[in-house]
Amino acid sequence: MRGLTPFWDHARMVHPLEPLVIRHTHRLSLPSGPTGQGDVAARQFDSALMSVGFKLSADLLERLSGLAPETVVEVAARALDTVREMVGDHVQHNVYFVDFPANVPETFDFWTRCIVEALADEASRDATLAQLRTGVVDLLTLPAYGNYQHTYAEMLAAHAELIAAAGDRTTVLHLGGVPDDEVTALYLALAGSTTPLGEEGLRDLRALAGHCADGPQPDEIPVRENRAVVNLARIDAGADLLLDTVTDVLRLACALSDGDVTLVEPTRFRSLPRATRRSLLAGLDAVVAAAPAKLADVTAHSEAFKRLGERLHPHEYPHRPHAADVFAVARGEKEARSFDSHVEELLGANDVTGAVRLLTAAPGKLFRSLDRLLRACLAQDERDSVVDAAERVAGQVSGRVLLSVREHFGNRGPGPGERRVFVNRSGAAWVAADTRPPVLPPERERLIAALDAETRRRLPAPGHLLIDPDVLDVALPLSGRATAAGLGVLPRGSVSPVDGELLRFFVYWKQTSHTTDYDLSALTLDASYATVSWLSYTALTDVGGEHSGDITEAPDGASEFINLRLDAVRGAFIVPQVNIFSGEGFEEVEESFFGFMLRDAEQLGRPFEPRTVRMKSELRGPGRVALPLAFLRGSDGRWRAKWLHLYLRGNPNANRVEGNRVSVATLLRGLVEREYLTVAHLTGLLSERATATTRWDGTTVPDGPVTYIGLRRPDGLHPDSVIVTPENLRDLIPG
C-alpha cells in the first residue's frame, strides 16, 4: 500500500459520522464518484485491511474496483483509521522486556538486577544504599524499574514477522448504501432500540440525533434515556419535544448540562438560555396539565428537581402554573402522593390482593414486583391472584421486562442460604447472602410458562431460520450497560469458544494529567474456586505464562501483556484483571482498553498483532479493579470465555491481584453458576414459527431469503434476508 500513503495522510472524510456506521454495523458506505479502474487500489486496500484483521466482502471489493482510484484511496483512508482504532492498533504497544514473551526473568532476579543497576548509578546510589540499610527497597525509586528501557522501534526490531494462520481473526466489512442513508438507518436503529444503550451508544446517538433532527424519526422511542438524547437534538433544531412525563424533562435538562440522563449520578445543572428555559417549562406545564397525577413522579427525584428549579426560574413565568407545581412538590410545599406510596400502604396493611389490583394499572411495576408480592402472600388465593394478574397484563409489558423477569425466575433459588450477586447499571458488583423466603414451584412454573407464551406470541415468523451454533450461548442484551464498547465484545453472561494455543491479554492506558499506574494480572483458580497461582508484576513467570513487565506511568500511553500457553495452565479458571495501583480511575484517564489475542504456538510476531485480536473493550467503569471476562475449562478440556464486564471497588491505591483474589473468586462463582437467558432461548421459540430451521455449518447458503442469527454475517445471503449479529443483537428483543 506504499503508493497510496500520500493520499491517505491527507484524505478528507466524505461524511463525518461514517466511522460510527463502520463501528456499529461493519458496513462501508460508498460516496458517489466517477467510475474508473480502481481494482489495483481496491486490492491494496483489502491487503492493508487484512494486516489488521479485516477484509472487504466480495461485493464491496467488486464495487470499489469500478470506482476511480482516487475515490478508492479516500474511502480506504477513512476506513483504515476507523478499524485500526476498533482493534486497538491506533496506538503503539511497547513492552518493558524487549523480546517478551521470550527471556522474561524470574521476579526476584529482575528486582535484584534493578537494585544492582541503581547502585551503579551515581545519581541513585546513596538513596538506594539508605533503603537497603532499612531492609526495604521501594521499586519505584529504582531508575531501571517501571519505565521503558528501549524505543518502540527497537522493540519491533527484536521480533520476527507474524506467520499468518487460518485461525487469525477476519472481520468482514460489507457493502453499505449512500452515506446519508446509512447514517439515518443507524440513527433510527439506536433511537428506536427496545433496550437501553451503553455509554458509547448514547454518545453516538447524540451525534447522530443532531445530524438527523430534520429527517425521518422512529415510530417510537421506548427507552427514556434515548428519548432524552433525541430531545436534546430536537431542542437545538427548534422541533417539538417528545415528552409524556415530568422525568422526561428532567432527563433532557441533564443532557443539556452534559450530565447523566440515566439519573443515577447527580448532574450539576448549567445556566440555560431563556429560550431553552421557556421550552422546558412549557414541556413541564403541558405534561402536568394533561395528567395532574404525574406530579407524583417528582418525589422520586425531588432533589434534582429542586436544583433544576434554581436554573429555570419558574417564578418568571406565571402563565405556567402547572410547571410551578412541579417545583412546589419538589420543595415539599405541595403534596403529590406517588403511586409507589399507595402500593406500600397496601402491602404494609398485608393487603396483597389490593396491591395487585392497584399494580395492574402499571403493568411494568407489577412485573418488577412479582417476586416481592409472592413472598408477601400468606394464602394460596393470594398467590393465585398475583399470577392471574400477571397473566392478564403480560401483553402490556415491554419485551425487555418480560425477558428480564423470565431470567430472574429461571434463577430463583429455593430460599435462604444461597449467595446473591448484584451488578448495578455501571457494572459495579458485590455479593450478599440471600435471605429471601422461597417462591413456591407452582407459581414460579406458571409465571415462566406465561412469560414464554407471551414472548412467543410477539416474535415474528422468521421463515427459514438459519443459525450459527456458536451464537446460541450468547446472552440476550437486555441492557446495553451489560456490554462494554469495543470489538468482538458480547453481553455479560455470554459464553464463547476459545480456539488457539496461546492466549495473550493486553491493557493500554494513557493518563490525562496525573501519574497513573495500571497493573495487568491473571488469577488461576481450581474447580472449587481456590487460588492456584497468578501472573502479575509480583510474579512475572509461572508454569505456561509470562508477564511483559511493570510500567508505572503513561504520559504517552503504556501497555502490559500476559502470555499463557493454554495446555500448560493449571486450574479450571483464568481470570484476567486490571488493577489500578495509583493515579487516575478508568473514567478519568484519556484512554484505556483491555483485550485478548489468540495465536498458534509457531506464529511468533510482535507482542501486539491486530489480526490476532479476538476482543478489545473499553475500560470505563467505577471502582479500581476491572474484570472484563474469565476463561473456563470445560469437562471436554476446551476453554471458553465467560463475559463479565464487572468493576470492584478495590482500594484507593495499591490494588493487587493477591489482595482481591477471594472477592474475585466469590463473584466468579456466582456468575458462572447463574443461568443467563441466551440466544438459544429465543431461537427455540422462533423455531416453533419457522418454516425451516438449519444449524449452519458455514458452507451451503440457501437460495432464498432467510433469518440469519450468528456471530458474523456470511457472504452470499439473499439480499432480502434478515441478518442478526452481535452488532444488532438487540433487534431480537421483541417490543
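User: Which helix does Asn231 lie in?

Analyst: Asn231 sits in helix H11 (residues 224-237); helices here are DSSP runs of H or I with at least four residues, strands are E runs of at least two, and both are numbered from the N terminus. The model is predicted, so local features need pLDDT of at least 70, side-chain atom pairs count only at pLDDT 80 or more, and totals for chains, interfaces and linings use all residues. Residues are numbered from 1 along each chain as its sequence is written, and side-chain values use heavy atoms, leaving out hydrogens and water.

User: Why is Asn231 called buried?

Analyst: Buried means under 20% relative accessible area, exposed over 50%, and partly exposed in between (1.4 Å probe, protein chains only). Asn231 has 0%, so Asn231 is buried. Leaving aside neighbours within four places in sequence, Asn231 is in contact (heavy atoms within 4.5 Å) with Leu241, Leu242, Leu243 and Leu252.

User: What makes strands E4 and E5 a pair?

Analyst: Two strands pair if DSSP finds at least two bridges between them. E4 (residues 419-423) and E5 (residues 429-433) have 5 bridges, in the antiparallel sense, therefore they meet that definition. Val421 has Val431 in E5 as its bridge partner. In their hairpin, with 5 residues between the strands, Gly427 takes a positive phi near 95°.

User: What is the mean pLDDT of the chain?

Analyst: The mean is 92, and 97% of the residues reach 70 or more; pLDDT is the predictor's confidence in each residue, from 0 to 100. Over residues 1-13, though, the pLDDT is below 50.
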